[in-house]
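Student: I have a protein model to study, and I would like to talk it through step by step. Could you look at it with me?

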Amino acid sequence: MLCVALLLLAGAVFRLLYLGEIPAGLTQDEASTGYEAWAMLHYGITRNGYAWPVHFLSWGSGQGALYSYLSLPFIAAFDLTAFSTRLLMALTGIASLLLFYLIALRSHPAFALLALLLLVFCPWHLMYNRWALESNFLPFVILLSVYFFTRPDNARLGIQSAGVFVLSLSVYAYSAAFVFAPLFLALLFGWLRAQDKLPLRHVLFLSALSLLTVLPMLLFLAVNWFDWEAIRAGISMPRFTGMARYEEKSTLFTGRLLEHLGDQWLYVVQLLSMTVPDGQGYYYPQIAFQDYHKLPNFALFFPLAIVPLAFGFGATLYRAVKQRDYGVHLLMALWFIAALAIIVFAEVAVHRANVMWLPALYFTALGVFYACRRWRVLWPVAVAAYLIYGGWFVHAYFTQYNDHWPHDDLSGAIASLVERTGPNDKIYITWRVHEAYMHTLFQTKTPPQDYLATRIIPEPNVPFQKIASFGRFIFFSERSDEARNWILHHKERAMTVVDNDRCRLEQHGAFVTAQCDTNLPQLKYR
């Protein structure tokens with residue numbers, strides 16, 4: 001128990017330490033998640049004017065809302081900050097360490113301890129627990145649901161209802177659950193029936209409970225599928241301005257499904273196997289996510305994790321078929337199988353496949369456990385290797401990660417220039433940041449009514465709407481007669497002639513504020 005307590009304590013420290021400062025600055029998705037919660041808390045609407053929507057309109061193409069709703073108490077207590085926005089993710093990350101251990105404990109104490117060790121130091125899990133992206137919240141929701149089904153009393157209707165309810169709530173967390181949740185629910189029912197723990201009356205009740213839980217989301221999907229008007233009745237079902245994000249990233253109708261699947265499988269294997277030999281960060285093909293994960297010399301998981309993963313997963317399927325072992329390992333295998341469906345239906349990026357990584361880590365630990373149980377001499381070698389690699393990663397994360405983060409102190413630059421200018425002075429903000437207006441809304445805490453009344457959208461009927469301006473803030477504008485107050489990316493600063501005698505310059509991480517007596521020359525890009 002002492003080892004478990006120490007690992008949980010270490011995991012909690014790693015996920016909470018400098019939470020508001022590392023990563024340095026929010027991404028646009030984090031800023032959106034936090035601002036929408038703050039706006040609903042104080043004004044009852046989102047920045048797009050919807051009251052308590054089941055799914056955010058956000059950029060015009062959708063964003064999961066569950067994380068923002070559950071963040072309301074933290075934002076109410078600590079105001080709208082990077083820390084309060086990320087706190088729920090960190091706390092649920094810590095809770096997931098305990099849940100993961102308890103689930104693995106159903107099998108064997110030594111295996112549970114090994115699984116906990118790997119999760120505490122897993123690069124993917126630690127990084128994502130410190131980043132308030134709604135897709136990062138989905139694995140915890142699924143893990144909580146699975147915990148209920150692995151309890152010794154999982155034949156009770158009350159426990160099954162709790163598991164089904166939480167699983168059904170996952171569709172409000174992230175759109176990948178639209179595919180995953182119904183498939184996994186069907187597999188769960190089959191798993192329980194195989195153990196004679198799910199009578200027909202339970203199936204009917206649980207199916208009705210799930211349908212009732214997801215009904216608002218089904219109405220939302222119907223609004224957008226059939227081009228109905230948005231529903232506003234206490235809670236809202238918004239209508240997208242263009243193609244929904246989950247449709248845009250679907251691969252079913254691309255005409256190159258088999259080729260796509262080959263690329264996807266290769267990508268997943270690489271994520272589970274490789275560190276990058278050139279030391280420049282993770283290896284990602286074109287379908288990869290942004291560069292936010294880059295940290296030299298480290299992979300998403302542990303090096304060559306695919307080998308013990310394949311061993312643990314294969315052994316589980318073999319025992320289920322040959323020995324009719326329908327225990328916890330098989331349930332985790334069903335989770336992994338349902339998660340693989342995402343590869344078929346959508347382009348895989350790290351965040352879109354988040355629901356896959358916890359069972360993948362489970363089987364990685366299981367494969368190592370089986371090997372160590374057969375060759376006991378491997379125990380100290382394996383534990384030492386994972387501790388050394390994990391400790392190396394943790395040290396690198398807290399000392400180097402901000403060097404690879406693209407939004408370093410943009411919020412500080414915005415706050416500084418707002419404080420040093422008058423309420424009628426226009427501020428021009430760099431276009432080298434995705435959705436710079438979202439960072440501005442977050443930092444200035446502009447009421448959503450004021451934003452709605454002043455925003456200018458050049459192309460309103462497209463997904464990922466671009467905001468040209470709101471209030472006194474102007475975005476992606478190259479030149480103006482009033483362009484005296486700028487926030488520049490450091491690369492723009494190098495390409496812009498600024499008279500230091502006539503401009504007050506301040507460095508804020510990767511950004512520079514320029515407050516000039518005369519107009520700033522037009523920016524020229526190479």
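**A helix and its surroundings**

Tutor: Let's begin with helix H1, whose buried residues pack against helix H4 (82–105), helix H5 (109–121), helix H6 (123–128) and helix H16 (378–400). Here contact means heavy atoms within 4.5 Å, and buried means under 20% relative accessible area, exposed over 50%, and partly exposed in between (1.4 Å probe, protein chains only). Helices (H or I, at least four residues) and strands (E, at least two) are DSSP runs, numbered from the N terminus. This is a predicted model: local features need pLDDT of at least 70, side-chain atom pairs count only at pLDDT 80 or more, and totals for chains, interfaces and linings use all residues. Residues are numbered from 1 along each chain as its sequence is written, and side-chain values use heavy atoms, with hydrogens and water left out.

Student: Which residues of H1 are buried?

Tutor: An α-helix has 3.6 residues a turn, so residues three or four places apart point the same way. In H1, the buried residues are Val4, Leu7, Gly11, Ala12, Phe14 and Arg15. They cover an arc of only 165° around the axis (taken from the directions from the helix axis to the C-beta atoms), which puts them on the same side of H1.

Student: Which exposed residues sit on the face of H1 turned away from its buried side?

Tutor: Look at the face of H1 turned away from the buried side. The exposed residues it carries are Leu2 and Leu9.

Student: How far apart are the end C-alpha atoms of H1?

Tutor: The expected span of a helix is 1.5 Å times one less than its number of residues. For the 15 residues of H1 this gives 21 Å. The model agrees, as the end C-alpha atoms are apart by 21 Å.

Student: Where does Pro23 lie, and what is the peptide bond from Ile22 to Pro23?

Tutor: Pro23 belongs to the loop between helix H1 (2–16) and helix H2 (28–43). With omega near 0°, the peptide bond from Ile22 to Pro23 is cis.

Student: Is Ser58 buried or exposed?

Tutor: Ser58 is in the loop between strand S1 (55–56) and strand S2 (63–64). Its phi is positive, about 50°, although Ser58 is not a glycine. With 2% relative accessibility, Ser58 counts as buried.

Student: Are Arg47 and Glu36, which form a salt bridge, buried or exposed?

Tutor: A salt bridge is a side-chain nitrogen of Lys or Arg within 4 Å of a carboxyl oxygen of Asp or Glu, and the side chains of Arg47 and Glu36 meet in one at 3.1 Å, N to O. The pair links distant parts of the chain, with Arg47 in the loop between H2 and S1 and Glu36 in helix H2, 11 residues apart. At 0% relative accessibility, Arg47 counts as buried. Glu36 also has 0% relative accessibility, so Glu36 counts as buried.

Student: How many salt bridges does the count come to?

Tutor: Another pair is Arg319 and Asp325, whose closest N and O atoms are 3.3 Å apart. By the rule given for salt bridges, the count comes to 11.

Student: Which residues does Arg420 touch, not counting residues up to four places away in sequence?

Tutor: Arg420 is in helix H17 (residues 410–420). Its relative accessible area is 17%, so Arg420 is buried. Leaving out residues up to four places away in sequence, Arg420 touches Arg504, Glu506, Thr513 and Gln515.
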